[in-house]
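Thank you all for coming.

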Amino acid sequence: MKTNSFGFKFLLSVMFVILVLLWQLQNNNLSNRNISIYKPAMKNPQRRKVNYTLHSPTKSWLIIYWSTFFGKGTHLRKSWKKDKCPVPCEVTSDISRADKADAFVVHARDPHMLPPIESVPWILQTRENPVYTPCLTNASFMSKFNVLKSYRLDSDFPDPSILLPELTPPIPFKDKTGLIMAAFTHCEPVRTEYMRQLMKFVQVDSYGACLKNAKGLEAKYFKGNGTTFMFKQRKTELARNYKFTLVFFNQDCDYFVDDQLTHAWNAGSVPVVMSTDQLNEFLPGNLKHSVIKVRDFKSPKHLADYLKRLSNNENKYSKYLEWKWKGYGNIAGTVIGDFWKPKYLLYCQVCVALSQGQVYKDGLKPMSCKTRTFEDWGITKGG
């Protein structure tokens, strides 16, 4: 009887402990905040859940940038105290602190540099699309990550390369000496062919590697007047004298909009954009009417005719640049607007999300994008 009584009391004790633990989990709302992570080192990875401590009022959150894509000597160290971020937050490229990390950032162009610790979230970073970054289409690779920080506006943390344009007044209409300029360093076949056919009907000054017919932007770095200008800065300076700039992205991937658009905006040269319809989500407020979309025209000839007419009509042309005087308008509440004018800087937002347990996923899904075709843009090769 003593043995049975002892066993009964032990069973009651175990049940009491279990009830207390369940109550704590419910009270802290942790039941749906477990991290589900692959263990990369295993040949046949198994899902395992890891409980993470949340809502610590004194904890400092550490994010480690775990990639060498920008060079082995990459130096990154930023720190925000509570007056700049709701939680103490630090991001660094000092990999010697890996054992203290609350999350790791991996660049998609460095897919073999994976962190050694799998018990904290892995954040995948990319500003390039899947056509030129094959690992993004790999389900096994993507499933290793819990958070996406990318050019896509539907990412956990949108981080496109397109920045808030400057309101610097453009050169007056009558003083612009050029009509259309382009500067592509990568000769993607379809956009190059579209530009070649456009050139049949209107003058396009091409400064880049593709169908080059103009001088003044000879290499990645341009030297002049004793000053070294970055390629993109020089390109923007050239564009100031042109009424239009061809902004043809290198592929038609969902949400892929790169900094070519920012350069044209800053120059006060109206962008002529080849992209998907999701471009509209990057055009909030008064920027809605700031671009000419290639998709609105049946052929390169139709586009050329429109650009020539517009170049001779100052009133209609100036409407594309009204935002330079009127300002951005109401961009609040849009994803791109919140990216351009955030309440907190991006890595601070990541730290806040970590502290609240809001960023954990059961692995990312692969990203897809088919390679652009001539038919997509109503042209034939050599047409």
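I will begin with the basis of the model, go on to the chain as a whole, and then turn to the cysteines and two further residues.

What you see is a predicted model, in which local features need pLDDT of at least 70 and side-chain atom pairs count only at pLDDT 80 or more, whereas totals for chains, interfaces and linings use all residues. Residues are numbered from 1 along each chain as its sequence is written, and side-chain values use heavy atoms, with hydrogens and water left out.

Taking helices as DSSP runs of H or I of at least four residues and strands as runs of E of at least two, both numbered from the N terminus, the protein chain has 10 helices and 16 strands. Of its 383 residues, 50% count as buried, where buried means under 20% relative accessible area, exposed means over 50%, and partly exposed lies in between, with a 1.4 Å probe and protein chains only. The accessible surface of the protein chain, from the Shrake-Rupley method with a 1.4 Å probe, is about 20200 Å², and 54% of that belongs to carbon and sulfur atoms. If a contact means heavy atoms within 4.5 Å, then among contacts in the protein chain with a separation of 6 or more, 68% are between residues 24 or more positions apart.

Now to the disulfides. A disulfide is a covalent bond between the sulfur atoms of two cysteines, and here the term is applied to a pair of cysteine sulfur atoms within 2.5 Å. How many disulfides does this rule give? The count comes to four, and with the bonded cysteines of the protein chain numbered in sequence order, the pairing reads 1-6, 2-7, 3-4, 5-8.

Let me take Cys 85 and Cys 348, whose sulfur atoms are 2.0 Å apart, and whose link is right-handed, with 95 degrees about the S-S bond. Cys 85 sits in the loop between strand 4 (77–80) and strand 5 (89–92) and Cys 348 in helix 10, so this pair ties together parts that are 263 residues apart in sequence. Cys 85 is buried at a relative accessible area of 1%, and Cys 348 is likewise buried, at 1%.

Cys 89 belongs to strand 5 and Cys 351 to helix 10, 262 residues apart.

Cys 253 and Cys 369 have sulfur atoms 2.0 Å apart, but here the link is left-handed, at -90 degrees about the S-S bond. Because Cys 253 lies in the loop between strand 14 (242–248) and helix 5 (260–267) and Cys 369 in the segment after helix 10, the pair connects parts that are 116 residues apart in sequence.

That segment after helix 10 (346–356) also contains Lys 361, which is partly exposed at 36%. Its C-alpha lies 4.8 Å from that of Asn 146, although Lys 361 and Asn 146 are 215 residues apart in sequence.
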